[in-house]
Amino acid sequence: MSNITIKEGDTESLTCIASGDPAPLVNWTSPNGRLLQTGKNKSIYDILGADRKLAGLYTCSAYNGFGEMYKQVLFLDVNCKC
């Protein structure tokens with residue numbers, strides 16, 4: 001698991017290191033389990049103007065139909081801009 005710390009109002013790009021042939025379908029889910037983004041070549045998820053409500057575990061999963069599904073978890077901590 002990777003830890004990322006940013007300040008409120010900042011922008012951050014979360015990156016999922018997944019590749020394969022054929023290109024895998026990449027899914028990003030939020031800390032509450034909601035699907036945020038899905039598609040081929042969607043290895044980057046941008047958080048724009050972060051606030052503390054966005055803090056938590058983000059999960060990237062990738063699968064191309066062969067082998068095992070790849071999963072990566074990132075913990076985003078959003079600090080007060082005070």
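How many disulfides does a search of the whole structure find? The search finds 1 disulfide (a pair of cysteine sulfur atoms within 2.5 Å). Before we zoom in, a word on the model: it is predicted, with local features needing pLDDT of at least 70 and side-chain atom pairs counted only at pLDDT 80 or more, while totals for chains, interfaces and linings use all residues. Residues are numbered from 1 along each chain as its sequence is written, and side-chain values use heavy atoms, leaving out hydrogens and water.

**View A. The disulfide of Cys16 and Cys60.** Here the two sulfur atoms sit 1.8 Å apart, and the link is left-handed, with -70 degrees about the S-S bond. Cys16 belongs to the loop between strand S2 (12-15) and strand S3 (25-29) and Cys60 to strand S6 (residues 56-63), so the pair ties together parts 44 residues apart in sequence. Strands (E, at least two residues) are DSSP runs, numbered from the N terminus.

**View B. The salt bridge of Glu8 and Arg52.** Side chains of opposite charge can pair when their charged atoms come close. In this view, the N to O distance is 3.4 Å. The count comes to 1 salt bridge (a side-chain nitrogen of Lys or Arg within 4 Å of a carboxyl oxygen of Asp or Glu). Glu8 lies in the loop between strand S1 (2-7) and S2, and Arg52 in the loop between S5 and S6, so this pair ties together parts that are 44 residues apart in sequence.

**View C. The surroundings of Ala55.** You will find Ala55 in the loop between strand S5 (44-47) and S6, partly exposed at 28% relative accessible area. Not counting residues up to four places away in sequence, Ala55 touches Pro31, Leu76, Asp77 and Val78 (contact: heavy atoms within 4.5 Å). Its C-alpha atom is separated by 7.5 Å from that of Phe75, 20 residues apart along the chain.

**View D. Backbone details at Pro22 and Asn41.** Most residues other than glycine have a negative phi, and most peptide bonds are trans. Asp21 and Pro22, however, are joined by a cis peptide bond, with omega about 10 degrees; Pro22 lies in the loop between S2 and S3. Asn41 has a positive phi, near 60 degrees. Asn41 sits in the loop between strand S4 (35-40) and S5 and is exposed, at 69% relative accessibility.

Key:
Helix = DSSP H or I, 4+ residues; strand = E, 2+ residues; numbered from the N terminus. Buried < 20%, exposed > 50% of the residue type's maximum accessible area, 1.4 Å probe, protein only.
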